[in-house]
Amino acid sequence: MNFSELGLSPKVLEAVTASGYTQPTPIQEMAIPRVLERKDVLGIAQTGTGKTAAFTLPMITLLEQGRARARMPRTLILEPTRELAAQVEESFTKYGSGQKLNVALLIGGVSFGDQDIKIARGVDVLIATPGRLLDHFERGKLLLTGIEILVIDEADRMLDMGFIPDIERICKMVPFTRQTLFFSATMPPEIQRITEAFLHNPERIEIARQSTTADTITQLLVAAPHHAAEKRETLRRLMREAVDVKNGIIFCNRKSDVQIVWKSLEKHGFSVAALHGDMDQRARTVALDGFRAGTTQYLVASDVAARGLDIPDVSHVFNFDAPHHAEDYVHRIGRTGRAGRLGTAYTIITSADDKSLAAIEAMIKRSIPWLGPSLADAKFEEAPRPERGRSGGREKPTGGHSRRASKPERPTHSDHTEENTAPSVQEARPPREPRPAREDRPVRQDRPAHPPRRHHQEDDGPTPKGLGDHMPGFMMRSTKLKG
Ligand code: AMP
C-alpha cells in the first residue's frame with residue numbers, strides 16, 4: 001500500500017515524502033484511515049513500529065481545519081517521559097512543516113512561565129507528561145474542554161510509573177465526545193480496564209512484537225568480580241579491546257551507577273555522556289544530542305531513560321549490569337545490530353547475576369558464549385551475597401527477588417524523575433533489587449497509593465531515523481483483531 005491511499009492531506013503527504021518514507025508500516029496502514037474517520041483506535045504496538053507517525057500524520061491532516069482558541073488546546077497527547085514527549089514534538093515539527101501548527105510541550109524540568117505563555121496563545125497540539133499537565137490544570141491556566149483528540153501513548157509504561165490514576169482523571173476532564181487514540185506495548189488487565197472505560201468501540205490494531213534477538217548481534221558474556229571498582233575496570237578493558245567501535249551505550253541497572261560509571265569513564269579519558277532520570281531536562285537533551293550527532297562516543301544510560309528513545313544504530317552495547325528482567329536485555333541489545341548492520345553486545349556477569357542470566361537465556365532461547373573464562377572458571381574473591389542472608393551488617397536482606405518486595409520511593413516533584421534511589425556505592429553495600437521505573441512523577445496529595453507493577457517490554461530498541469528501504473522484518477508483521 002502507498003501513503004497516498006490512506007487519505008492524508010497533500011501537505012502531509014509532502015512531509016512524508018520529504019522524510020524519505022516510501023511505504024507505510026502496518027500500524028500506519030491500519031490506523032491512519034481509522035483516525036481520519038474519527039474512530040477510536042486501540043494500538044497494541046511498541047516503539048519502533050512507526051506508531052508515532054501513525055497518529056501524528058492523521059492528526060495533522062485533521063488539524064488543518066479549524067483554529068485553536070486561547071487556553072483551550074485542540075488535541076492532547078500524553079507521554080510517560082519527557083524524552084518521549086520531546087520526540088513526539090519533533091515528529092509534529094517534521095511532519096507539520098509548512099503548516100501553521102501551534103505545538104506546546106508541558107514537561108517537568110522546564111519553567112511553568114514559558115509553558116503558560118504558549119498555552120495562552122492557543123495550542124493545536126498539547127504534548128504533556130501527566131503530572132505536569134495536572135499541575136498546569138490546577139493552576140487554572142488550562143482548559144481541557146476543547147480537546148477533540150486525546151492520545152494516550154505507552155500506556156503500559158504509564159502503569160509502571162504509577163500514572164494510571166492521573167490518566168483516569170485526565171480522561172474524565174476532557175469532553176466525552178472526543179476521539180481517543182490509545183497505544184500500549186502490552187495489555188495487562190489494568191490497561192484493558194482503562195480501554196474499556198474510556199474508548200468507544202475502538203478499532204483494535206495489534207502489531208507483532210519482537211521477542212528474540214537479531215542474528216546480526218554478537219552476544220558475549222564477560223565474567224567479572226562483584227566488587228564495583230573491579231567491575232568498572234573490566235568494563236574499561238572491554239571498551240578498549242573491542243574492535244570496530246563506532247559508538248556504544250553502556251547500560252546500568254541503577255541511575256546512581258550510571259552517574260558513577262559515567263564519571264569514572266570520563267576520568268579515564270573516554271568520550272562519554274550520561275542519561276538517567278535524575279538529570280535535568282537540559283542535561284538530558286545535551287547528552288542525547290551529542291550522542292546522536294556523534295560528538296560523544298559513549299552514552300551511559302539507565303533502562304528507563306533510554307527506553308523508547310529513537311537513538312540511531314549503535315555498534316556496541318555494554319551491559320555493565322545484567323538486567324534483572326530478561327525483556328530489558330532484548331531492548332538493550334536491540335540498540336545494536338539493526339537494519340541488517342552488525343553489532344556486538346557484551347554483558348558483564350558477576351556472582352550476583354546467576355538468576356538474571358538464567359532468565360535472559362531462557363527468554364532468548366539460547367546460551368550466550370563467554371568471552372574469556374566463564375564465571376565458574378574465573379577465580380574471583382567474592383563479596384557475600386544478600387540472598388544467603390548475609391547483608392554485611394549495613395542493610396536488611398531484601399527478602400527475595402520480587403520487585404514488589406522493594407517499595408518504591410516517591411519522588412518529590414514533577415521535575416524529578418527516578419528509576420531507583422538505591423545506594424550508589426557498591427563497594428560498601430550488597431546488591432539490592434532495583435525499584436520499578438517511574439519518571440516525571442510529582443507527589444500529588446490527591447493521588448491514591450498505587451504500587452507500580454513489574455514493568456513489561458516497552459520498546460524494542462531504537463530505530464534509525466527514516467528507515468527507507470531497510471525496514472526490519474518485525475515492523476512488517478501484523479495481525480489485526482476486531483475489537
Ligand atoms: P516510532 O515507532 O514511532 O518510534 O518510529 C520509529 C522510527 O521509524 C522513527 O525513526 C521514524 O522516523 C521511522 N519511521 C516511521 N514510519 C516510517 C516509514 N513508513 N518508513 C520508514 N521509517 C519510518
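**Entry 1: helix α8**

Which elements do the buried residues of α8 pack against? Before answering, I noted that this is a predicted model, where local features need pLDDT of at least 70 and side-chain atom pairs count only at pLDDT 80 or more, while totals for chains, interfaces and linings use all residues. Residues are numbered from 1 along each chain as its sequence is written, and side-chain values use heavy atoms, with hydrogens and water left out.

Now the answer: the buried residues of α8 pack against β2 (75-78), α6 (130-138), β5 (149-152), α7 (155-160) and α9 (189-198). I used contact in the sense of heavy atoms within 4.5 Å. Helices (H or I, at least four residues) and strands (E, at least two) are DSSP runs, numbered from the N terminus.

I then looked up burial, where buried means under 20% relative accessible area, exposed over 50% and partly exposed in between (1.4 Å probe, protein chains only). Eight of the ten residues of α8 (residues 164-173) are buried, so the helix is largely enclosed by the rest of the structure. Among them are Ile-164, Pro-165, Asp-166 and Cys-171.

**Entry 2: aromatic rings**

My search of the whole structure turned up five aromatic pairs. Rings of Phe, Tyr and Trp (its six-membered ring) pair if their centres lie within 6.5 Å; planes under 30 degrees apart count as stacked, over 60 as edge-to-face and the rest as tilted.

I looked at Tyr-298 and Phe-318, an edge-to-face pair with 6.2 Å centre to centre and 65 degrees between the planes. Tyr-298 sits in strand β11 (residues 298-302) and Phe-318 in strand β12 (residues 316-319), so this pair ties together parts 20 residues apart in sequence. Phe-318 also pairs with Tyr-346: the centres are 5.4 Å apart and the planes at 20 degrees, so I logged the pair as stacked. Tyr-346 belongs to strand β13 (residues 343-349), and the two residues are 28 residues apart. Both Phe-318 and Tyr-346 are buried. Together with Phe-270, the residues Tyr-298, Phe-318 and Tyr-346 form one aromatic cluster.

**Entry 3: a helix crossing**

Next I checked helix α14 (residues 326-333) against helix α15 (residues 354-364): their axes come within 8 Å and cross at roughly 70 degrees. Axes are lines fitted to C-alpha atoms, for helices over the stretch in contact, and angles run from 0 to 180 degrees between N-to-C directions. The two helices are therefore roughly perpendicular to each other (65 to 115 degrees; under 35 is roughly parallel, over 145 roughly antiparallel, the rest oblique). On the α14 side, Ala-326, Glu-327, Tyr-329 and Val-330 meet Ala-359, Ile-360, Met-363 and Ile-364 in α15.
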